[in-house]
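Here is a short briefing on one structure. Look through the sequence and the model before reading the notes.

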Amino acid sequence: VTNIALDHEQHLGFDLAGIAREKAGIFKRGVPALVGEADVLSVREALADAARERGAPLGWLREEARWDIRSAEAGWTTFDYESDRGHLEGLALPLAGEQFVADAALALRAWERWRGELDPVAVRAALAEGAPPGRMESRSVGAVSFLFDVAHNPAAVDRLAAVVSQAATRWTFVAGILAD
């Protein structure tokens, strides 16, 4: 589970704990689960309760791994990652922002729990290709730069605004919004 935010409330619920319970539906008996961001107590409790009910061993990323951002530039973040299984320095992720680094750290820790030691060459190659289309995607057409992002809930828009505010002083925005 990466993070819990108000999103798709008509399907998931109107409070963070309810959304956490819905997302915990992926927990399976005997299958280890790992949670990235769970800073809100009610979210943490809902996830822990669901894991206990389903018999899924539960881990918390911030208790198992650490990461430090070295630099964040237009379209790239460089960071260090450390866990009880090792330390990797200067990892480059083609996305800007703390949340993307936290998601990368979650993926790295999940791999360690599943397969063991990280292969530094494979990690660097995977992270270099880790930017899905439409997520902090930077493109240029002639001299005009564009940033595409599918931020679709208030938490994602806040993260996008934080990155944009650090990158430039003048922006033109185009937004598409559904009727709901």
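Which side chain makes a polar contact with the side chain of R109? The partner is the side chain of E64, at 2.8 Å. A polar contact is a pair of N or O atoms within 3.5 Å; within protein, one must be able to donate a hydrogen and the other to accept it, and residues adjacent in sequence count only if both atoms are side-chain atoms.

The model is predicted: local features need pLDDT of at least 70, side-chain atom pairs count only at pLDDT 80 or more, and totals for chains, interfaces and linings use all residues. Residues are numbered from 1 along each chain as its sequence is written, and side-chain values use heavy atoms, leaving out hydrogens and water.

- R109 sits in helix α5, residues 98–115. Helices (H or I, at least four residues) and strands (E, at least two) are DSSP runs, numbered from the N terminus.
- R109 has a relative accessible area of 6%, so R109 is buried. Buried means under 20%, exposed over 50%, and partly exposed in between (1.4 Å probe, protein chains only).
- Residues up to four places away in sequence aside, R109 touches L34, L61, E64, A65, Y81, S83, D84 and R85. Contact means heavy atoms within 4.5 Å.

**Helix α2**
- Helix α2 spans residues 16–23, and A17, G18, I19 and A20 in it are buried.
- D15 caps the N-terminal end of α2. A side-chain oxygen of D15 lies 3.3 Å from the backbone nitrogen of A17.

**Strand β7**
- F146 lies in strand β7.
- F146 counts as partly exposed because its relative accessibility is 37%.
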